[in-house]
Amino acid sequence: MATPILEIKALQKRFAGLVATNDLSLDVMAGETHAVIGPNGAGKTTLIAQLQGELSPDGGAIFFNGKNITREPAHRRAHLGIARSFQITSIFPQFTVLANVALAVQAQQGHSFRFFGSAWDDSELLGPAREAMDQIGIAHRADIYAEDLSHGERRQLELAMALAMKPQLLLLDEPMAGMGRQEGQRMTQVLANLKKHYAILLVEHDMDAVFALADRISVLVAGRTIATGSPEEIRNDPAVKAAYLGHGG
Amino acid sequence: MSASLFIEQMLNGIQFGVMLFLISAGLTLVFGIMNLINLAHGALFMLGAFLATAFIKWTNNYLLAAVLAMVITAFVGYVLELLVLRRFYSRSHLDQVLVTFGLILVFNDIVRLIWGVVPVQFRLPQAFAGSINLFGDVQYPTFRLLILAVGLLVALGLYYVVVHTRIGMWIRAGASNRPMASALGVDVGLIFSLVFAAGAALAGLAGLMTGSISSVQVGMGDPVLILALVVTVIGGIGSIRGAFVAALMIGIVDTFGRVLLPPALGSMVIFMLMAVILAWRPKGLFPVHA
Amino acid sequence: MPETQPNAGNATGTLLRGAWPAIVCIALLALVPTLSAMFDNPFLIRLFTRVLIFAIVAVALNFVLGFGGLVSMMHAGLFGVGAYVVAILAVHDFDGAPLWIFPGTSNLAITIPLAIVVTALVALLSGAVSLRTSGAYFIMITLAFNQMLYYFFVALQKYGGEDGQQILASLSFAGFDITKRVTFYYVSLAVLVAVMLLFWRLVNSRFGIILRATAQNERRVVALGVSPLRYKLAAFVISGAITGLAGGLWAAGQQFVSPADLSWIRAADFVVMAVLGGMTRVWGAVLGAVVIVLLEALLPNYTQYWQMPFGLIVILIVVYLQGGLAGLFVRDRPTGAH
Amino acid sequence: MKSKSSAAILAAGVAVFAIATASAQQGPIKIGHMTTTSGPQAVIGIDMVDAFKLALKHSGDTVAGRKVEVIWGDDQAKPDVGRQVADKMLESDRVHMMTGIIFSNVLLASVKPVLDAGAFYISSNAGPSQLAGRQCHPNFFGVAFQNDNNFEGLGQHMREKGFKKVYFLAPNYPAGKDMASGYKRYYKDGLAAEVYTSFGQLDYSAEIAQVRAAKPDAVVIFYPGGMGINFVKQYAQAGMMSQIPLFTGAGTVDQTTLPAIGDAAIGMYTGALWSEFLDNAANKRFVEDFEKEYKRIPSGFASASYDTARAILAALNSIGGKVEDKDAFRKAMANVKFEAVRGNFKFNKNQFPIQDYYLVQIEKDAKGRTVAGFRGTIMKDLADAYGSDCKMPPLK
């Protein structure tokens with residue numbers, strides 16, 4: 001746990017005068033699950049988007065495994081080992097579940113300029129895809145079209161796709177959003193499993209899940225961290241209580 | 001090119017640009033607010049011109065005929081929205097293009113059934129039929145000055161309504177978040193119908209203004225449609241301000257392109273301008289944030 | 001031809017499963033010369049030759065349109081480029097005057113591949129610019145390129161300008177005369193079948209998967225670590241090259257080319273064919289081409305006002321038949337941007 | 001069941017053609033009339049169709065006791081559609097001859113299969129120079145004109161009237177250049193300016209401003225259809241009519257466009273190959289009956305279409321309706337005698353007309369309609385300039 005896999009230094013992002021990320025610094029250690037919490041509009045999704053590369057920051061720097069990736073395009077970061085699951089489910093609705101995951105495997109392998117040969121009976125793709133689906137527990141839905149999945153299953157599919165990319169760091173943007181109690185508990189189970197194998201930056205509103213999973217927690221308010229520490233420390237931090245937990249989060 | 005000729009050509013370019021703005025205002029309004037590509041805009045343009053000629057013959061009063069033509073074109077647009085286009089707001093742009101392409105064909109044949117294939121005459125009131133002396137020996141057609149004035153008024157009017165009035169606020173609310181606007185008690189369906197009717201009325205107005213200086217015949221809306229699409233896209237889809245700037249730009253570039261360049265290049269210059277601008281700014285000059 | 005997806009019990013998509021409408025369609029098209037002889041109506045072959053060549057374009061267009069989500073309005077322009085390559089070289093062969101330093105030729109074995117290459121280059125250049133945009137902007141910028149190509153050929157007074165260019169040289173394919181009506185029909189049919197197979201393979205290849213995924217959710221494709229631009233451009237070039245091939249065939253079949261072949265109405269016709277046929281199947285576009293060409297040929301025989309029923313048919317199909325004509329035959333899922 | 005419906009689509013197409021084929025034995029004389037009857041140029045095509053029908057009606061739809069059947073087609077002003085309709089008429093309807101095409105580009109695309117099939121093409125409008133010259137063909141007859149003719153008489157007239165500085169405008173397409181070369185051939189001195197604008201242009205204010213600045217003696221335009229309406233209206237609105245006189249050759253400002261231009265065109269001089277006021281019996285009957293039948297004044301396009309039908313009928317009559325004897329029909333056409341509504345008419349060696357050229361001026365008639373008032377004959381026996389390039393095989 002000594003070396004940080006992800007280091008964020010003094011990150012800045014503005015939208016037309018509105019400060020979304022304000023001098024934000026944060027790190028994720030190898031093997032660590034670092035949760036980021038904060039009220040709506042605190043800039044959590046903006047942060048994830050900058051880490052993944054969809055948005056580019058106005059200032060500051062991002063290091064991944066010691067390498068400055070601040071100006072790397074999104075697809076290159078994915079190849080370095082950063083995988084993102086989206087807050088609003090983002091899948092390929094007209095592909096089956098298996099196809100969705102196989103696509104992620106293919107993207108990770110990087111041999112997509114193959115014009116002939118059916119991708120659908122390519123064991124190089126389907127093997128790892130099935131593995132990822134097993135890990136998340138969605139293998140039994142392999143042949144269902146993604147648009148026919150329930151909400152919870154779609155979130156699971158998202159995760160399976162993220163895993164299929166063989167990432168070193170998972171950026172999870174509210175994986176429990178919109179889930180029922182039972183589904184949420186199942187998802188917490190899945191994440192507890194993943195936690196053993198991956199470094200995770202977790203953005204989540206469900207405090208039970210956060211406190212159950214996180215090794216460390218950072219609290220984000222108005223684009224900056226107001227506190228970072230173990231779940232215990234955060235629970236007892238008066239500033240956090242005032243700014244965030246106090247509002248009944 | 002002498003200075004007075006240059007000024008006259010500049011005026012021609014601006015006037016042509018304002019005419020293009022009139023033609024594209026309704027298109028970009030509907031496109032921007034309802035996210036609907038309405039190729040039948042050219043058909044409504046044609047309808048406005050034909051109705052105006054018919055009403056001029058009937059009432060012998062240009063202003064009255066123009067108002068009647070706009071009202072009826074608006075009504076046709078309203079019915080069209082209610083019967084067909086309403087269900088296409090949520091469909092892909094491709095479906096919208098196809099269905100409104102079908103509408104063009106239907107409209108062309110309906111107009112042809114009613115008015116025949118012979119181009120019809122557009123009689124201008126005496127006061128606007130001639131030209132006036134602007135400066136030096138430059139005679140400028142009076143009616144073109146009227147087009148200039150009407151175009152500028154429409155631009156200002158649209159700007160005022162959309163940005164500064166309650167209706168404009170509802171329209172913008174409905175466009176950006178339909179469920180939210182409904183929850184606030186805005187009848188979004190009605191607002192959209194009215195906006196579409198207003199777009200149709202603008203098409204009709206453009207048709208009757210253009211028809212007075214050009215030929216009023218079946219299919220007159222088709223070439224005009226391409227110009228309107230070019231203006232809309234260069235300006236940034238949905239941006240009234242963008243349409244205005246783009247229309248002026250195209251009017252001036254086209255006018256000087258025709259005079260200064262060889263003819264083959266002259267007819268390409270608008271499209272080259274568009275390709276260059278979109279390559280430089282893929283969402284047009286004034287992108288509208290969705 | 002089905003666009004398969006991995007599937008439990010049957011991971012291997014078989015060639016024939018779900019492809020029967022395509023096979024029936026090809027079989028019926030293969031019967032046309034026989035029917036034509038039976039009814040003593042040679043015009044039937046000509047009409048269906050037109051169907052075949054337009055079908056090739058529609059299938060090629062649908063590769064970027066139905067599977068890539070790119071509504072190109074410049075395929076008439078690309079079609080025309082292919083046609084003019086064959087025509088211009090044939091004219092130089094007939095006149096005996098070299099084109100710059102190259103001698104003209106009427107050998108289709110040379111000119112058709114050349115048509116493919118030149119069209120691919122045009123598609124590469126215009127695609128590289130157009131693909132910077134997306135959605136409605138892409139439709140419009142490709143339309144602009146179509147108009148530029150159109151006016152370019154109008155300006156080519158040397159090759160007839162607006163009047164177009166008659167091919168007076170007798171064309172051959174490496175010595176074989178393939179321009180005889182029935183021979184040419186079967187050649188066109190063979191090309192169509194080959195093109196359908198090509199696109200069916202492409203659509204199910206790794207390359208095709210990325211393309212289809214990009215059409216559904218480009219943002220996610222980027223997040224998966226793929227930069228979609230190169231794939232879209234490659235698809236656009238392949239589609240353009242095949243369209244150039246069809247254009248070359250068109251010139252050989254008609255022995256006449258003109259800027260009207262590049263008109264934007266024609267470009268819209270191609271889009272209509274692809275969409276009405278059903279965009280989610282490679283063979284859907286063939287149905288679209290059959291129906292549109294037949295309607296355009298038959299309706300004017302009944303009324304001067306034939307555009308109205310034609311327009312109404314288009315409207316009804318778009319409103320009620322979202323899977324296109326292919327949707328009549330196989331249960332299908334709608335495609336389109338989400 | 002679904003394969004049946006796909007088969008049905010094809011079968012329906014097949015069946016329609018099967019029916020259309022019918023038998024082609026000693027039945028009626030079949031004429032394929034293909035012109036533009038949809039789109040913006042339909043106004044011309046419909047005038048031609050109506051005139052053709054009128055001529056047939058005048059002969060009772062029969063010639064020498066044999067029925068005449070016309071198969072009507074629409075080329076949509078597109079060369080490839082024209083080619084397809086021509087193929088259909090030849091191979092499916094088995095027509096003996098074709099006529100009706102307006103545009104040179106459609107004609108050039110469509111005429112090859114007609115001539116290759118051994119059928120005749122009798123042109124009632126388009127007359128491209130290729131077919132009058134090097135590519136002339138024994139089965140091709142141009143009854144209307146060779147394209148250049150439309151402006152040749154005007155060129156001579158304006159030279160005689162002493163116009164020194166002439167400004168010429170036309171759309172940028174081959175017919176536009178044909179008209180310019182026709183004009184220059186007889187005007188002889190060069191033009192002060194020759195401006196080509198894009199086809200189908202809407203706004204001419206820039207061109208009109210250039211004209212005003214150039215201060216020419218006269219302006220000559222060739223703008224057929226809607227372009228003519230646009231230009232003439234805008235020219236008048238700019239107050240130019242009274243400053244610089246506007247001229248045009250045949251086929252620009254006539255009854256297909258005058259109703260739309262209205263008073264703006266009054267006073268304009270126009271070259272013409274025909275006028276509704278030409279004083280001959282055939283013309284009087286044509287104009288009267290056309291107005292009675294269709295409630296409008298015929299155009300020059302209609303007159304040429306009427307003459308074409310009458311020439312065909314006269315030639316057929318002289319050989320007893322035996323259209324199958326191609327040599328006889330060709331000979332009969334080449335020497336055809338009929339009373340043309342345009343006055344003097346005979347075929348040159350290249351089978352294009354030798355005819356007179358007139359001057360007309362736009363004015364109001366007693367009923368308040370804008371018409372082309374007859375002002376006199378400018379040229380007698382005008383023949384085209386390409387005949388010498390034509391190596392026409394002799395008549396058999």
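Which residues do ring pairs link into a cluster? The members of the cluster are Phe151(D), Phe168(D), Tyr183(D), Tyr187(D) and Phe222(D).

## Basis of the model

This is a predicted model, in which local features need pLDDT of at least 70 and side-chain atom pairs count only at pLDDT 80 or more, while totals for chains, interfaces and linings use all residues. Residues are numbered from 1 along each chain as its sequence is written, chains are lettered from A and ligands numbered from 1 in the order in which they are written, and side-chain values use heavy atoms, without hydrogens and water.

## Aromatic pairs

Rings of Phe, Tyr and Trp (its six-membered ring) pair if their centres lie within 6.5 Å; planes under 30 degrees apart count as stacked, over 60 as edge-to-face and the rest as tilted. Over all chains, the count is 51 aromatic pairs. Phe55(B) and Trp58(B) form a tilted pair because their planes stand at 45°, with ring centres 6.1 Å apart. Both belong to helix α2 (residues 41-59) of chain B, three residues apart, which means a separation of about one helical turn; helices are DSSP runs (H or I, at least four residues), numbered from the N terminus. Phe55(B) is buried at 14% relative accessible area, whereas Trp58(B) is exposed at 67% (buried is under 20%, exposed over 50%, with a 1.4 Å probe and protein chains only).

The rings of Tyr84(C) and Phe153(C) are stacked because their planes lie at 15°, with centres 4.1 Å apart. This pair joins distant parts of the chain, 69 residues apart: Tyr84(C) in helix α3 (residues 75-95) and Phe153(C) in helix α5 (residues 136-155) of chain C. Tyr84(C) and Phe153(C) are both buried.

## Charges over rings

A charge sits over a ring if NZ of Lys or CZ of Arg is within 6 Å of the ring centre and within 35 degrees of the ring normal. Lys53(D) lies over the face of Trp72(D), 5.3 Å from the ring centre.

Technical notes: Helix = DSSP H or I, 4+ residues; strand = E, 2+ residues; numbered from the N terminus.
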